[in-house]
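Dear colleague,

I am handing over the structure below, and after it I set out what was found. Please read the notes with the model open beside them.

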Amino acid sequence: MKKLILTLMMALGVATGALAADGGIAWDKAPGRTNDLASLQNGAKLFVNYCLNCHSAAFMRYNRLQDIGLTEQQIKDNLLFTTEKVGDTMKANIDARQAKEWFGGNPPDLTLVARSRAGHNGTGADYLYTYLRTYYRDDTKATGWNNLAFPSVGMPNVLWELQGERRPVYDKVEQHGHETEVLKGWEQVKPGKMTPLQFDQAVGDLVNYLQWMAEPAQNTRVRVGVWVLLFLVVSLVFAWRLNAAFWKDVK
């Protein structure tokens, strides 16, 4: 018994250490509006204009965007490049060798990124919402950018024209007998095309789209699930009364 307790305590210690090592800043809560068609449409536009240059979404076809209220003609006119067809998958044209040379690795496929990035700090959508909003200038990095949610990230801030340039502001606090720096806020160094509120809303739309793209049938699945549960509840009432009627004479 003592050995078992010791083993469990060691396993708990390893798990706690792993969480502490993962660390990082707290993740902000993503909007989570995957049923807001206007938000999803704006997110799709941002994805095509800012993400699809380097990142593919190889398991998503352009014509699936009709599920978020876009017509085939709107997809052709606004979201397709000249060489692509509406039935094609969303693949980036970047050369893999050049990408590795520029960024240190081939940019990952983003079809399922909102599901694969979940952690103890929150959902994958929470991570993306925080990550895309915590870039700052860092001249020591090859790209000139760094990120609080992903330190030393190889990807530059592709949304910098919208957000502008910011730098993190820290407060020095005493914790466990040591002086540490805690993020206080952000200082706007150069303005962007959007206000901070507008940028947060735009990133929220982009994250909503990434979350929807990771499971396009999620809203339908939830809606059907609710109706199935209601049907089962009603069926249970009928079955209970029928059972009582069948057995009343036997009793």
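How many bridges join strand 5 to strand 6, and do these strands run parallel or antiparallel? In this predicted model, for which local features need pLDDT of at least 70, side-chain atom pairs count only at pLDDT 80 or more, while totals for chains, interfaces and linings use all residues. Residues are numbered from 1 along each chain as its sequence is written, and side-chain values use heavy atoms, with hydrogens and water left out.

Strand 5 (residues 164-175) and strand 6 (residues 178-191) are antiparallel and joined by 12 bridges; strands are DSSP runs of E of at least two residues, helices runs of H or I of at least four, both numbered from the N terminus, and two strands pair if DSSP finds at least two bridges between them. Glu-165 stands opposite Lys-190 of strand 6, and the two strands form a hairpin with 2 residues between them, where His-176 in the turn has a positive phi of about 55°.

Helix 2 (residues 37-51) packs against helix 8 (residues 196-214) at an angle of about 90°, their axes being 7 Å apart (axes are lines fitted to C-alpha atoms over the stretch in contact, and angles run from 0 to 180 degrees between N-to-C directions).

As for disulfides, meaning pairs of cysteine sulfur atoms within 2.5 Å, the count is 0. The sulfur of Cys-54 lies 9.2 Å from the closest cysteine sulfur, in Cys-51, which is too far for a bond.

With kind regards
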